[in-house]
Amino acid sequence: MIAAKQIQSLASLKEPVVSVFLNTENPNPSRHPRLAADVSWLRKKKAALEHSLTVHEAKEFEKVFARVEEFLDGRHPQEKALAIFAGQNTWTVLSLETTVQHEIHWGRAAVGQLVRLLGEHSRYGVVAVDRNTARFFECYLGEFNSLSEKQFEVDESQWKRTDVGHIATETMRKGHGPDRDLHDHRLDAQYERLWSDTAAHAASLVKQHDLAGIFLVGPERPVSSIHKHLVAAAADIPVVNVFEDLGQFAPRDLRRRIEPLIAEFEQKARLSEVRELLAADAGFVVDPDETLAKLQAGTIGALFVAENHELHLRECVNCQTVSRESGPVCAPCGGQRIGAAMTETLARIALAKGTRLFFVSGEAGELLAKAGGMAGRLRQQRRMARA
């Protein structure tokens, strides 16, 4: 599982590296055996990339690429995708459980996709309950890991029940009457306590694992009760109810059901945030040039960029200042300004400044594109997410 510190370490590498992002999962395993990564795609792109390098760079690139090729050739992957960073003194392989865009790059470590993944995917808790068990999971970047499990144990040993005595009336045998009502009341009370304990445990996991929200999965009655207790214990935790009896589903099947719901939840959250920042009078910056300047100054806490909206950026080779100005000379220092790839540049700055980066699509992306394509939420602006 990738972490911000690991990405920062890659971004700070001084030597040139081959950066490779490659989907490795066979899209149709029912028709073909599991295949190795698409080395043929890499070879084709490698040939095109070499044409842009000097003779010295090409020789170094060829040597490093051979190591990547040897690693991938004939390999039988178990993950969905790989991110590889290879240099003369560098070798890092990250297994990913989410798809990526195929990419090969030579030079500064290309960490843009990793930064995007961190920004676009939050950690969520999943609580799957039935009448016997509560299972707690963490869903993050395509991984679905078990956190804990609680058994619902109901103790009836001290309850006096005349309906199970040696002599029972016809009413008792049918399970009716005041004794049955008392038994049901006690049973309900015990389950209510167990569901309250479940909510308390879920709230503790939110803090322990920095979860962005909880998805409660199970029959309506226990889920509604746990939701009630969870909101009472921590009102700022987004909670999504899924009234489906999936308590005994295998983790991989539960993951398949929940991941689309998480994607839908996050899409709605991005749309809500974009609408808020476009309508707000304070705490947000909408003008792209002002946003870019404040991003580099470190005052942007969250940066929103419209997917497929190209912001033509240029960077000074001397002071590394990035702007949308088209001139070849940097105004502050007089250094040469060259074209800068948008995703990599924004990702690198966001990583250095501790800014979360969101590339938004759909309706949210369309709204943001009409406003200039990029906006930011200032650090002092604290927004409580609600479900």
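Guide: A salt bridge here is a side-chain nitrogen of Lys or Arg within 4 Å of a carboxyl oxygen of Asp or Glu. This is a predicted model, in which local features need pLDDT of at least 70, side-chain atom pairs count only at pLDDT 80 or more, and totals for chains, interfaces and linings use all residues. Residues are numbered from 1 along each chain as its sequence is written, and side-chain values use heavy atoms, with hydrogens and water left out.

The structure holds 18 salt bridges. One of them joins Arg257 to Glu244, with the closest N and O atoms 2.6 Å apart. The pair links distant parts of the chain, 13 residues apart: Arg257 is in helix H8, Glu244 in the loop between strand E9 (239-242) and H8. Helices (H or I, at least four residues) and strands (E, at least two) are DSSP runs, numbered from the N terminus. Arg257 has a relative accessible area of 30%, so it is partly exposed. Glu244 is partly exposed too, at 26%. Buried means under 20% relative accessible area, exposed over 50%, partly exposed in between (1.4 Å probe, protein chains only).

Helix H8 also holds Arg275. Arg275 forms a salt bridge with Glu363, closest N and O atoms 2.9 Å apart. Glu363 lies in helix H11 (residues 362-370), so this pair ties together parts 88 residues apart in sequence. Arg275 is partly exposed at 46% relative accessibility. Glu363 is partly exposed at 41%.

Salt bridges can also share partners: Lys46, Glu50 and Glu62 are joined into one network that way.
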